[in-house]
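Colleague: I am new to this structure and would be grateful for a close look at a single part of it.

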Amino acid sequence: MAVANVIGAQSSADQKAARQNGAIIALIGLLMLAFPFLGLAFQGLGFDWDIGDDDVDSMSLALGFVTLALGLNIVVGFAGLLDLGYAAFFAIGAYTYGVFTAYQIMPAWSSAWDIVAAVGLAEKVHRDGMDLVHFTLSFWLALPIAAGLTAVCGVVFGFPTLRLRGDYLAIVTLGFGEIVPIVFRNTPAVTNGAAGLNGVMAPQFFGHSFQVNPKPYYYVGLALVFLLIVISIRLRDSRIGRSWMAVREDETAAGAMGVDHVKSKLLAFAIGAAFAGMTGVFYVAKLQTATPDMFGFPVSVMILVMVVFGGMGSVWGVVAGAMALSMLQSWFLPSLTGWIHRGGEAVGNDWLQQVDLARSTELIFGLILVLTMLYRRDGLIPATRKQAALSFDAQNVQGVRRGGFDTVAAAKILATMPKRGGNLLEVRGVTVKFGGLTALNAVDITVPSGGVVAVIGPNGSGKSTLFNVITGLVPADSGSIKFDGGEILGLKPHEILERGIARTFQNIRLFANLPVLTNVLIGQHARLRTGVFGAILRMPGTAAEEKGALQRAIDIAALFGNRLTPRLNQTASALSYANRRRVEIARALATQPKILLLDEPTAGMNPAETLELAEQIKSLHGLGLTILIIEHKLDVVTQLADTVVVLDHGEKLTEGKPAEVRRNDDVLRAYLGRAATEAARAS
Ligand code: ADP
Ligand code: MG
């Protein structure tokens with residue numbers, strides 16, 4: 001990963017590994033380029049091996065599976081959307097080229113077609129005494145057209161299913177995958193029905209037809225694989241790829257950090273579909289035939305097994321997985337069948353002589369899936385490398401850092417906070433009901449610009465619900481929430497974040513399987529501009545933005561001294577509880593907030609860590625950041641807050657300076673109960 005190179009501590013080892021991997025990939029690339037001619041090389045060296053046309057053909061087929069797997073990897077691996085009907089997009093791409101080149105689909109000619117013929121998309125043919133239109137869509141034009149068309153289908157299909165996750169989404173996609181071939185079978189006027197399309201035109205390259213020579217197809221397949229690997233990697237390492245992984249890891253947290261999950265998922269569907277569309281064109285041009293049966297459920301499952309076997313979310317893993325399983329199917333199983341037959345002849349066993357493993361591929365793929373799940377869940381080449389634990393010394397080079405953040409560094413990171421008078425956040429009469437339970441009842445809270453307001457109250461009093469309603473995670477039944485002068489009630493979480501409200505969660509919600517650095521980078525999502533094309537083309541402007549974002553993420557982590565910096569490449573799930581809380585705060589700071597909402601940030605920290613964090617929060621306040629904090633530890637509250645709001649049973653009990661609130665009878669009663677309060681008074 002490019003990211004790894006930037007970080008000092010591990011860079012030399014990582015760079016060496018990256019160079020080694022680069023060399024291996026280059027070598028494999030060269031071998032692939034030379035593959036159709038390797039037979040000659042072998043014979044030159046005196047070996048009796050040949051690479052025949054059928055081998056090149058099998059290899060082209062394998063390349064087609066690699067491109068399909070790369071596309072499905074974007075949907076399933078990157079964005080975490082389980083799609084069991086992926087072959088439908090493959091079919092749509094295949095038919096796009098098939099319908100517009102085959103000799104089965106020929107409407108009657110009229111002069112209106114002249115114009116289409118003039119641009120080379122159709123020709124007049126005379127058959128059975130009639131003039132007919134034969135479409136002559138160029139293969140090279142069909143590739144982008146099919147990609148565009150399937151991308152649109154991906155969006156149209158994705159839109160109604162967006163609210164679904166996991167099993168439900170899988171079932172809907174399964175249905176979609178079944179519907180598409182059925183539609184093709186039952187619209188003979190357009191698709192020639194169950195008989196399918198035969199005699200699809202072979203591609204032309206500068207006037208030369210590919211005909212049935214397998215080599216040109218092989219090289220087109222190789223070019224397509226190369227292109228899609230580059231696109232996959234560039235997307236993965238960009239703002240777009242990070243937004244997919246954020247949604248995959250935790251949709252709620254992704255929204256609260258500025259990722260529009262609707263847009264993000266639709267993009268994944270569209271791009272995954274476009275990969276399948278292009279492969280469809282390639283496939284049908286190579287086979288020169290298309291029937292609805294070629295795109296059924298077993299194909300979707302086969303591609304899914306390739307992705308899982310290779311390693312979900314891992315580009316090279318998926319390439320290796322698809323390659324390995326395709327070769328298993330086209331070379332190894334037939335050879336093995338041959339050996340079994342010969343073995344059967346030798347021992348005179350009839351059954352062995354009739355075994356045909358190539359006809360049991362579905363069974364064998366099923367077994368491979370089961371074995372992968374049991375023994376190697378992350379696949380051949382896992383997407384996330386396991387990081388070695390830090391050494392004891394590395395963990396303890398520095399003790400607790402006193403005095404809060406380095407204010408010079410922190411000031412650079414927080415956009416300058418204008419100290420304005422007035423209220424930044426105004427919650428008025430907000431009521432939230434969960435069925436019969438009123439979690440918040442007409443609550444009013446104001447947070448002055450640059451102030452620190454603490455919310456306290458017993459468990460279940462509605463504090464976290466208050467944060468959820470402010471950040472758009474739960475809807476309000478009534479009331480109004482004004483932020484920076486504008487109403488934010490009813491906005492989506494990512495829109496609220498864009499306005500400048502960032503939060504942490506009581507039950508930490510990090511992107512558990514992503515490195516610390518990526519977690520912090522995702523925090524910057526709303527402040528970066530890179531789109532799909534920017535990410536794929538990676539022009540200087542985009543590269544500079546990415547570099548800046550990376551440096552900023554490193555700087556933000558560095559605020560916490562050596563707590564996070566040595567762990568930037570570790571997955572969030574590998575961190576201690578206190579460090580996870582720090583990453584969550586770092587991620588929230590990365591969003592350039594105007595107000596920071598902290599939900600019990602010191603829960604689970606020991607007294608020294610609590611003090612460290614309280615001082616850090618204080619230094620943020622010193623720099624002008626407005627803070628709303630939920631906290632149980634009263635000494636922290638006293639140290640930080642200008643104003644304390646006490647909630648009880650969803651209602652605001654009282655509000656005032658920390659010292660006043662501490663003495664308030666109602667507050668004591670809410671916390672300790674009446675009897676205990678009286679006992680405390682008496683003693
Ligand atoms: P606090 O953070 O003060 O401990 P919460 O805001 O988490 O309290 O919860 C307030 C009340 O609302 C509790 O009774 C809780 O069970 C309920 N509650 C919170 N979220 C939901 C939800 N999504 N659905 C139903 N009830 C909820
Ligand atoms: Mg809570």
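Which residues coordinate the magnesium ion (ligand 2)?

Modeller: This is a predicted model, in which local features need pLDDT of at least 70 and side-chain atom pairs count only at pLDDT 80 or more, while totals for chains, interfaces and linings use all residues. Residues are numbered from 1 along each chain as its sequence is written, chains are lettered from A and ligands numbered from 1 in the order in which they are written, and side-chain values use heavy atoms, with hydrogens and water left out.

Ser-464, through OG, and Gln-506, through OE1, coordinate the magnesium ion at 2.0 to 2.1 Å; donors are N, O and S atoms within 2.8 Å of the metal (3.2 Å for Na, K and Ca), and sites may look incomplete because water is not among the atoms. The two residues are 42 apart and link distant parts of the chain: Ser-464 belongs to helix α20 (residues 463-470), and Gln-506 to the loop between β12 (501-503) and α22 (516-523). Helices (H or I, at least four residues) and strands (E, at least two) are DSSP runs, numbered from the N terminus.

Both residues are also among those around ligand 1, that is, with a heavy atom within 4 Å of it. To this shell α20 gives the most, with 3 residues. Backbone atoms take part as well: oxygen atoms of ligand 1 lie 2.8 Å from a polar backbone atom of Gly-460, and 2.9 Å from a backbone N or O atom of Lys-463. Each is a polar contact (a pair of N or O atoms within 3.5 Å).

Methods
A polar contact is a pair of N or O atoms within 3.5 Å; within protein, one must be able to donate a hydrogen and the other to accept it, and residues adjacent in sequence count only if both atoms are side-chain atoms.
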